[in-house]
There are 2 protein chains.
Amino acid sequence: MAEVPRVQLLLTGDELMSGDTVDSNSALIARELAGLGLTPCRRVTLGDDRQALAREMSTLASDANVLIVNGGLGPTIDDLTAAVLAEVADSGLEEHPDAVSHLEQWCEKRGLVLNAANRKQAMLPAGCTLIPNPVGSAVGFSMVVSGCLVLCTPGVPGELRAMLPIILERLRERFGITLQKDILRLQTFGLGESTAQQLVVDNHPDWPEEVVLSFRAGAPQLEIKLSVTRAEDRPLREQCHDWLQSLFGDHIIGEGDTRIAEAVINLARESGITLSCAESCTGGMIASMLTQIAGASDVFPGGFVTYSNALKQSVLGVQASTLESEGAVSEATVKEMVSGALDASGADLAVAVSGIAGPGGGSAEKPVGTVWLAWGDRQRVETVCLCWPVERVLFQTMVAAAALDVLRRRLAGIDKQSSYFDQRRMR
Amino acid sequence: MAEVPRVQLLLTGDELMSGDTVDSNSALIARELAGLGLTPCRRVTLGDDRQALAREMSTLASDANVLIVNGGLGPTIDDLTAAVLAEVADSGLEEHPDAVSHLEQWCEKRGLVLNAANRKQAMLPAGCTLIPNPVGSAVGFSMVVSGCLVLCTPGVPGELRAMLPIILERLRERFGITLQKDILRLQTFGLGESTAQQLVVDNHPDWPEEVVLSFRAGAPQLEIKLSVTRAEDRPLREQCHDWLQSLFGDHIIGEGDTRIAEAVINLARESGITLSCAESCTGGMIASMLTQIAGASDVFPGGFVTYSNALKQSVLGVQASTLESEGAVSEATVKEMVSGALDASGADLAVAVSGIAGPGGGSAEKPVGTVWLAWGDRQRVETVCLCWPVERVLFQTMVAAAALDVLRRRLAGIDKQSSYFDQRRMR
């Protein structure tokens, strides 16, 4: 592999400076560049200010091999990128015939007439190379300035995403990047980042430095990444992967972008088992997580949001005496909710949750964050009481994910309970 | 008001460069600064590289009145901000007694022993001024370098948020900022950004330049902002607010951060009306949006996720013959779903949705994105058929929000249907 090119980013847009838009594009670009073993070393964000943009573009180009510019390709007068690059490269602007025909086709497909504002998007620095835009009206373009390859890309995330593979290919060619960083991503639930890291350090002090271990925390999942940059290190990574499997394999939901609901649906489909849920404190979030996955209807006939005690009785057949003596947040209630959900849905396996999402409604015995879960089939129902004293929506998210995780473990035949149960268990 | 200070931002963290973390802190800072009428003019993001940080901090400080540094205050060796500022200011590091006592108290409260790593967080540039951290272990600090006020803040969003009011107060004092930008934010549903803008331009060509109109698009809501910087312009803004009310008042959900579910719950509570929902394609998202709002239980006894035809029949009493002759995605089905939801929940008002979320399941007559909605009470049920041919989860989000919006209009006594119905209507 040739010398690693130095990559910088320049983002432009008043909405990025005012805080109206959170910049997710630079993370997207960085994650794609990681596939080539590249990390941007500097990123500058500016508003739509022509002078400031020109000065910055010139400085960045003189200090890098690659400059990716994002934003400012649209049809309005605030969209300055082409003019600024033409100024910095001292090339002038000219109408680019291929960009015009792209615009014409784009408008035609949508039954629109090409207007003057749109046509401005074909006025590009003279001598630039186009970057096709498979999904939008604004083409990208690139040009070499002071020895730096400047690539100009659209700010609309979907258009940027569609353009990135083309850009990666050009970088690969230009810099002779033959080896590709090979990243294995594992999705987990129930592990904290620091706990996971400590477990690895304690159990594998001899972890090979060729295999880079990193984490990306999200709620509710934690992503674990294993990267190698040389093909010959793949067997080493396999070994590390095996280590992770034995350390916390029961917490691993799947590879890539697998979401916990997806894993549950796939396992259920494979075993021909149908699912239902009876929700109090999560208020529909378990059902929503399941049905966000295409094909959920194969295994999920439906679920019940029984927020009031009256509905717990009338829809799920929870006994008035149980609610009276044990309360809605109790082991007895969630067990009856499971059995009611199985009866009312005809499903094979169900989960029920009842808890105190807060901010109100807590007591000394059952503080905000307390939740009872029950799950099982017509033969065997299990229960647990946990406590997540966090903000309401995060509580609902974690509880809904935990409800899906107990289903996942049951479907996968994992008897072990998740390690977070030990930290969160109330009783 | 004195001259407006020039503000720049410097963010640091390898996780920001690798794409593992999306930077939401700079938007948070920018939105708070907007309250003082300030907009950052430039933002630079770097990894944890001491040399690069020192060079950048020095350059930025020489070109601004205020430099806000975010990140790098933690206890690990990657946390370089204090050392870098000490280098740039040529001040050296020293242990700051007030920072030590903050750390001691912080540890004591949590039953922890102050270790060497934590104690490093008290080693700060000599002569700096502390910025208290009400919620975390790392104090912030500020110092004047080359005439520029450099403020160093923690990367943990909750800690940054807690520190920002203190920082704003210091900026107000230092720069004699007496007037505060006064922003009125309106939340709307059913308006597109460009449509809204065009309506204002067409109807109010004499819009006063003292009242800045801006938009912040989110799914499903569009935020409209009206800002003035001088107290004497408030009456002008009142006039603009009135104009917006008559232009699209029925689309306005509320002020500030009001979410559509919140507006629905408040309206229902005021009128003593209870709500339910019967969901097919949204799969629990309507119920989840409602129950994410604290106090939802006052008006929402529960809802039904009837994904399969069998559950539509057994739980909601939809006729087999209706499903047979009209299909699950039909006006007749959603009408029967509403009446079943009213019966099964005992609520006063219900909404039902049935549609094709995709990617599969579409047909020529009912393409992916088609959805029937019905809503009403025991006296009067209304219906509409819309089409949103977008990605599955976005479809569910827009349909769930539309379902809440028809409830909002019904509860508020708005007879007019949303303008987006005209664009999306199928029949």
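1. A crossing of two helices is called right-handed if the near helix is turned clockwise from the far one by less than a right angle. In this predicted model, the crossing of α3(A) and α4(A) is right-handed.

2. The two helices concerned are α3 of chain A, residues 50–62, and α4 of chain A, residues 81–89. Their axes lie 9 Å apart and meet at an angle of about 55°. That angle is why α3(A) counts as oblique to α4(A).

3. On the α3(A) side, the contact is made by Arg50(A), Leu53(A), Ala54(A), Met57(A), Ser58(A) and Ala61(A). Helix α4(A) contributes Val84(A), Leu85(A), Glu87(A) and Val88(A). Sorted by class, this contact has seven nonpolar residues, one polar residue and two charged residues.

4. Chain A also touches chain B. The contact takes 54 residues from chain A and 54 residues from chain B. On the side of chain A that touches chain B, 26 residues are nonpolar, 21 are polar and seven are charged.

5. Strand pairing also links the chains: β2 of chain A (residues 42–46) pairs with β2 of chain B (residues 42–46). The pairing is antiparallel and runs over five bridges. Within it, Arg43(A) stands opposite Thr45(B) in β2(B).

6. As for domains, the assignment for chain A gives domain 1 as residues 7–174, domain 2 as 182–255 and domain 3 as 260–424. The C-alpha centres of domain 1 of chain A and domain 2 of chain A are 35 Å apart.

Methods:
Residues numbered from 1 in each chain as written. Chains lettered and ligands numbered in written order. Predicted model: local features only at pLDDT ≥ 70, side-chain atom pairs only at ≥ 80, totals over all residues. Domains from an automatic or database assignment. Contact = placed C-beta atoms within 7 Å. Nonpolar A, V, L, I, M, F, W, Y, C, P; charged D, E, K, R; others polar. Pairing = 2+ DSSP bridges. Helix = DSSP H or I, 4+ residues; strand = E, 2+ residues; numbered from the N terminus. Axes fitted to C-alpha atoms, helices over the stretch in contact; angles between N-to-C directions. Parallel < 35°, antiparallel > 145°, perpendicular 65-115°, else oblique.
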